[in-house]
Amino acid sequence: LDADETIAKDYLNGLIKQLNQIEQSFIDAGTNYTVEMIKNRILEKDVESVAKGKTLADAFVYFKEWFMVEIGKRAVKEVSFECYKNLEQHLNTFIKKEYNQTSFLLSAINDDFQNAFHFYLSTHKDIKAKNTAIKYIIYFRKVIKIAVQKKYLPEYPLTDYKMSREVEMPSRLNIDELQSII
């Protein structure tokens, strides 16, 4: 064999080995598979490959794009966008403080992360009300759900989260306040 034939033979043997490994991974997982699924895995177009390396920052970039489209449809309120920007800032500060990182892989998000973030919010000096921390957790979960829809994650990584809001009693106007309105 000449050099070109040897290179081609080595390449094809490597490809066959990769195909066998991919097939075996589907078999080990008990997943029914198709040729298309194997092709997508080789080309890294399957959900697992797409999700590999995606960060929370990537999720927020896509979320902002999605949110702007929804504002255009009048499906969400523009004022909510500020809340999501604040959430992103709180998450970045939390990740830097707790994990000493500037980015965080989506694949590492789990219930422990969510619990730690909730505790961080609950004890943060700028967040005075328990309901505000809960609101940020709800927003966080929405960003993760949109990331799953975008296939940045193969499945939703968080379980149901039991939260209870503080009941806020409405204040009543006194006579002076009432007269100032009239």
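**View 1. Thr102 is exposed, with a relative accessible area of 69%.** Exposed means over 50% relative accessible area, buried under 20% and partly exposed in between, with a 1.4 Å probe and protein chains only. Thr102 sits in the loop between α5 and α6. Its C-alpha lies 7.0 Å from that of Asn92, and 10 residues separate Thr102 and Asn92 in sequence. The model is predicted: local features need pLDDT of at least 70, side-chain atom pairs count only at pLDDT 80 or more, and totals for chains, interfaces and linings use all residues. Residues are numbered from 1 along each chain as its sequence is written, and side-chain values use heavy atoms, with hydrogens and water left out.

**View 2. Arg74 and Asn100 are loop residues with positive phi.** Arg74 belongs to the loop between α4 and α5. Its phi is about 65°, although Arg74 is not a glycine. Arg74 counts as exposed because its relative accessibility is 77%. Asn100 belongs to the loop between α5 and α6. Asn100 is not a glycine either, and its phi is positive at about 55°. With 69% relative accessibility, Asn100 counts as exposed.

**View 3. Helices α1 and α7 are shown with the residues that follow them.** Helices are DSSP runs of H or I with at least four residues, strands are runs of E with at least two, and both are numbered from the N terminus. The expected span of a helix is 1.5 Å times one less than its number of residues. Helix α1 (residues 3–29) has 27 residues and should span 39 Å, which agrees with the 39 Å between its end C-alpha atoms. Helix α7 (residues 130–149) has 20 residues and reaches 29 Å from first C-alpha to last, close to the expected 28 Å. Lys151 follows α7 and has a positive phi, near 70°.

**View 4. Helix α4 (residues 56–72) packs against helix α5 (residues 79–99), with axes that come within 11 Å.** Axes are lines fitted to C-alpha atoms, for helices over the stretch in contact, and angles run from 0 to 180 degrees between N-to-C directions. The two axes cross at roughly 180°, so α4 and α5 are roughly antiparallel. Angles over 145 degrees count as roughly antiparallel, under 35 as roughly parallel, 65 to 115 as roughly perpendicular and the rest as oblique. Contact means heavy atoms within 4.5 Å. Among the contact residues are Phe60, Phe63 and Phe67 of α4 and Tyr84, Leu87 and Leu91 of α5. The contact comprises 10 nonpolar, 1 polar and 2 charged residues. Ala, Val, Leu, Ile, Met, Phe, Trp, Tyr, Cys and Pro count as nonpolar, Asp, Glu, Lys and Arg as charged, and the others, Gly among them, as polar.

**View 5. The axes of α4 and α7 come within 9 Å and cross at roughly 90°.** Helix α4 is therefore roughly perpendicular to α7. The contact includes Ala59, Tyr62 and Trp66 of α4 and Phe140, Val143 and Ile146 of α7. Its residues divide into 11 nonpolar, no polar and 1 charged.

**View 6. The largest nonpolar core has 35 residues.** Such a core is a set of buried Ala, Val, Leu, Ile, Met, Phe, Trp, Tyr and Cys residues joined through side-chain atoms within 4.5 Å. Leu56, Leu87, Leu106, Ile109, Phe113, Phe117 and Phe140 touch the most other members. Helices α4, α5, α6 (111–123) and α7 each supply at least two core residues, and α7 gives the largest share, 10 residues. Not counting residues up to four places away in sequence, Leu87 touches Phe60, Phe117, Tyr136, Tyr139, Phe140 and Val143.
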